[in-house]
Number of protein chains: 2
Amino acid sequence: MSDLLERLLPALAWTRGYHRSLLASDMLAAMIVTIMLIPQSLAYALLAGLPAEMGLYASILPLIAYALFGTSRALSVGPVAVASLMTATAVGKVAASGTLDYATAAVAMALISGLMLFVMGLLRFGFLANFLSHPVVSGFITASGIIIGLSQLRHILGIHGHGDTITELLASLSRNLADTNALATLTGVAAIAFLFWTRRGLAPLLRRCGLADTPAGMLAKAGPVVAILATTLASYYGDFGQRGVDLVGAVPRGLPVLGIPSFDLQLWSDLALPALLISIIGFVESVSVGKTLAAKRRQRIDPNQELIALGAANMASGVSGGFPVTGGFSRSVVNFDAGAETPAASFFAAIGIALAALLLTPVLYYLPKATLAATIIVAVSTLVDFAVIRRAWRYSISDFVAVATTIVATLLLGVELGVLAGIVASIGLHLYKTTRPHIAVVGAIAGTEHFRNVERHNVITHPNIVSLRVDESLYFANASYLEDYIYRLVAEIDGLQHVILQCPAVNEIDLSALEALEAINHRLQEQGLTLNLSEVKGPVMDTLQKSDFLQHLSGKVYLTHHQAVQALKLDEIEPYII
Amino acid sequence: MSDLLERLLPALAWTRGYHRSLLASDMLAAMIVTIMLIPQSLAYALLAGLPAEMGLYASILPLIAYALFGTSRALSVGPVAVASLMTATAVGKVAASGTLDYATAAVAMALISGLMLFVMGLLRFGFLANFLSHPVVSGFITASGIIIGLSQLRHILGIHGHGDTITELLASLSRNLADTNALATLTGVAAIAFLFWTRRGLAPLLRRCGLADTPAGMLAKAGPVVAILATTLASYYGDFGQRGVDLVGAVPRGLPVLGIPSFDLQLWSDLALPALLISIIGFVESVSVGKTLAAKRRQRIDPNQELIALGAANMASGVSGGFPVTGGFSRSVVNFDAGAETPAASFFAAIGIALAALLLTPVLYYLPKATLAATIIVAVSTLVDFAVIRRAWRYSISDFVAVATTIVATLLLGVELGVLAGIVASIGLHLYKTTRPHIAVVGAIAGTEHFRNVERHNVITHPNIVSLRVDESLYFANASYLEDYIYRLVAEIDGLQHVILQCPAVNEIDLSALEALEAINHRLQEQGLTLNLSEVKGPVMDTLQKSDFLQHLSGKVYLTHHQAVQALKLDEIEPYII
């Protein structure tokens, strides 16, 4: 019982041994993460088309929920770029941006997504994440990064420019290009330049000034806070608001009010598919971050418990006025590098953000949106990585097609259809390959009991035997291909007596394939040939024994292919050497 | 050249060897099918909301087109229930029922659908049919047979009773049960009894009377003709129409006028998606019927050519005032059971319908619908076969789940969702199995170079080596499972130095799996272990050589597992015998 409880609530395990030195590490990490999270939360709320305070709300309770249920020690949960973009796309379809309905729909989205993740966790559906291949995820994130960057360009230029796809965004931006606000553009470009410099140039500079590696790296991460402070001051004294620069404006002070969003069947059913997609993408992103960090400290994470934890975090977001959250890469790495030892670091960071929501919001009034857009653009610039395309191109055509489909579909059709197209393409290509399996005619390598492809090796074959190695599981999608292949091959060979299927690569024979084998056996028998099997694996043999196929088999099943050939070859005839 | 021509026009092959006894069988089948087709065509035209004569038009040229291009010997093409219903739904959206536009749209639909199927055939998309597994097809046919039989019950009882699913049909029938017409029921039950008797008892009786086997069988197959003639005469002299028995009634006379439907871009683009759906469902239905019938006579059908043939049939329907057609379920069974040997039967049936449309329609006036219903019920009764469920249950759980899903979904949700559910379930189950592949720890069988599962055989292992045989292709869906498995296993063994993956069953390593292998290689190296591969197949090795994985591999790739173990074992330590 206590084992089960500990599995469902991993916090029970790490809180038991909690001590002072862990507390010190966790609090330091929490301080650094809090400073980083404030601008990020505001920026991603902007990206999702939501009021700034919702970004803060999404960074309080969700962090605590994940700290209680999560299995990763260093994962930091909150609003992230891709999920925010997906929220904007989905919610934009059911509500007009900026209205109360829009925010209500985003909150409902967090709750629906949370419930879905939680139920998937209870049903142990974590394996579903496996169907998002690495190339598809990389391609999707790259394309999303491009769309996110383009979508923020309007804040840099101070113009309107909306759209879910690259073509819509470019068309909308170019239509409004004449309205460009020079001061907003100056602010945005300056912030981008400064932020890139803090990433590339600041840490080495600080180290040259005598600072140790770790504090130098940490200080460099505070770049966004400095940019926000500087542009807020400039905006306040320079009267940016009067000069047509978009400011964040009034942000309500205080903590989120708890409450369950009203249930609206139409809204919920409209949001169901997008919520499922956000859940799966968020889960995959979060688990890959969690796995990477866990591996560095030889810890392990449990994907099914992660579903439950992310479900709890999103439900917490949904009942406290937030929007969909997941484990973020950059913030988790900062948390990890800052020395977070346990999820208590996230707990303390949540307190930090809550304090910010109580005390700092009046300062945010004068913050130009261009600064937040600059933060987003610099953050997503690391997401855009075309190396995967080159790699897939060199490695295999089907991986390349999967990644290219994902990128093109995401850019041209938007995030939802993009990720669906990627999943469908990668599964479809995998299945298509299995419908036309590689089948090799094999012969013995002289002096050994090993058999290899006659087209690749110098091997010995016997004129009365044809040995086939089928390099695929036999199932409904390739059963008729095997039938056709054998009938065609057998028709070409004179003097044949025996067909031997070498089955080391046959991992499954389903009922359709069994029926095909029965048909092959029957037809070969009519032609005076025997059908034999060799090297059938244990689990496959177990299944075959549940049918009467082995009783009707015209030939035999041999443990090794060598034994089969020894038993069936005609000694008086010289073997061929190919 | 003549090979290509014969492939594109399969009629060239079967017409060459055509002889007298085939002609007799085909003409008899054509007669029976013709008599059955006329009322069926009228009924499906009414179901599609179209003028009655359009049903006849859809049953003349399409049959001839399929006879020329099709590869199934017994498939009978024409209007069918599902395609007629889908036509009504799709066309109803673009035109008000009963107007000229409505009929024009239905004709256009046939032409669009025909063009789509034809192009899919030229692109060789027929492999899509492989994803219909035998259990799914059997389950679908069984469930469809039940629905067809139930749908005909209303004609036997002389009441109303409509619906696409078993629940709708039963509810509708039971609501109207009080209206049962005794004379219609008597006619129907007598016809059913007579038809079952001609199938089971007539041929033996005729043989006992001294008739040879073949004419006895032929005469027994003429049962439906006798039933139709007898009940038509009884209906005429007994005044069934006045006594409330539903008769086929007045059928307009005349042949279709040929012409290409006018092209209307708006209409065509509105109909594109529904036409694609009808094409796919129709192809799936037609190929599953064709496959089943071909298997009974050990013939084969070519899915790509079937696409071309169905495309030609629908285009023929579109230029002769018909509506979408496909390989019909009950009519193909009647055709098959009546002894059709070649597509000439369809050709003769087309002539028969043309003649009937010109000459015989007044006679059909008195034919009770109950007799036709009886013919259909007796025909589909042979298709309802639950043996596949028992067989799948004994053989494997996943085949059982696929067939059960298909049957339940078809009965409760209708044929379209039923067949889709079956396909999704069987592909999903196949993919799920590959996400958790069988991985065996293997050891050498004493005195041989063969390696087998340590849990199934008495084998020799070495304490510093763990040999793993992965029984599945490595791809994105199982890459992380392999990683987790190896890390867990390696953590359990002390004194380990080498991990060898025996890869005879690995038919593919995609980019995601390659990245997993790189991660495994890296992590084992950190722990002081080497990763080695053995028995990697040619095509897989070709792919691996396109990456730099082999250069970074901490161990080596060995031709045989035996060589790997010989190279890596520590001789001074005694091997374990398990």
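Reader: Is B:R124 buried or exposed?

Author: B:R124 counts as exposed, because it has 12 C-beta neighbours inside 10 Å. The cut-off for exposed is 12 or fewer. Keep in mind that this is a predicted model.

Reader: Where is B:R124 found?

Author: In the loop between helix 7 and helix 8 (134-157) of chain B.

Reader: What about phi of B:R124?

Author: Phi of B:R124 is near 60°. That is a positive value in a residue other than glycine. Most residues other than glycine have a negative phi.

Reader: Which other residue has a positive phi although it is not a glycine?

Author: B:D239 has one, at about 55°. B:D239 lies in the loop between helix 12 (223-238) and helix 13 (265-296) of chain B.

Reader: And is B:D239 buried or exposed?

Author: Exposed. B:D239 has 11 other C-beta atoms within 10 Å.

Reader: Let's step back. How confident is the predictor, and what pLDDT does chain A average?

Author: Chain A averages a pLDDT of 88. In that chain, 97% of the residues score at least 70. For the complex, the predictor gives an ipTM of 0.81 and a pTM of 0.80.

Reader: How many helices and strands are in chain A?

Author: Chain A has 25 helices and 10 strands. The C-alpha trace of chain A spans about 105 × 60 × 60 Å along its principal axes.

Reader: How many of the residues in chain A are buried?

Author: Buried residues make up 53% of the 578 in chain A.

Reader: What do the contacts in chain A join?

Author: Take the contacts between residues at least 6 apart in sequence. Of these, 81% join residues at least 24 apart.

Reader: Which domains is chain A divided into?

Author: Domain 1 covers 21-408 and domain 2 covers 439-577. Taken over C-alpha atoms, 56 Å separate the centres of domain 1 and domain 2 of chain A.

Reader: You listed helix 22 of chain A. Why does its span agree with its residues?

Author: Helix 22 of chain A has 16 residues, so at 1.5 Å a residue it should span 22 Å. The end C-alpha atoms of helix 22 are 23 Å apart, which agrees.

Reader: Which residues are buried in helix 22 of chain A?

Author: Among them are A:L511, A:L514, A:L517, A:I520 and A:L524. Residues three or four places apart in an α-helix point the same way. Helix 22 of chain A is followed by A:G528, whose phi is positive, near 80°.

Reader: What about helix 14 of chain A? How many of its residues are buried?

Author: 16 of its 17 residues are buried, so helix 14 of chain A is mostly covered. Helix 14 of chain A covers residues 303-319 and should span 24 Å. Its end C-alpha atoms are 24 Å apart, which agrees. Next comes A:G321, with a positive phi near 70°.

Reader: How many residues has the largest nonpolar core?

Author: It has 357 residues. Those with the most contacts inside this core are A:A81, A:M109, B:A106 and B:M109. Helix 7 (residues 100-122) of chain B gives the most to the core, with 14 residues.

Reader: What does A:M109 touch?

Author: Leaving out residues up to four places away in sequence, A:M109 touches A:T87, A:A90, A:V91, A:L271, A:A275, A:F323 and A:P324.

Reader: Last one. Is B:I407 buried or exposed?

Author: B:I407 is buried, with 26 other C-beta atoms within 10 Å. B:I407 is found in helix 19 (residues 397-413) of chain B. Beyond its neighbours within four places in sequence, B:I407 is in contact with B:G139, B:T142 and B:A143.

Technical notes. Residues numbered from 1 in each chain as written. Chains lettered and ligands numbered in written order. Predicted model: local features only at pLDDT ≥ 70, side-chain atom pairs only at ≥ 80, totals over all residues. Helix = DSSP H or I, 4+ residues; strand = E, 2+ residues; numbered from the N terminus. Expected span 1.5 Å × (residues − 1). Buried ≥ 20, exposed ≤ 12 C-beta atoms within 10 Å, placed from the backbone. Contact = placed C-beta atoms within 7 Å. Core = buried A, V, L, I, M, F, W, Y, C linked by C-beta atoms within 7 Å. Domains from an automatic or database assignment. pLDDT = per-residue confidence, 0-100.
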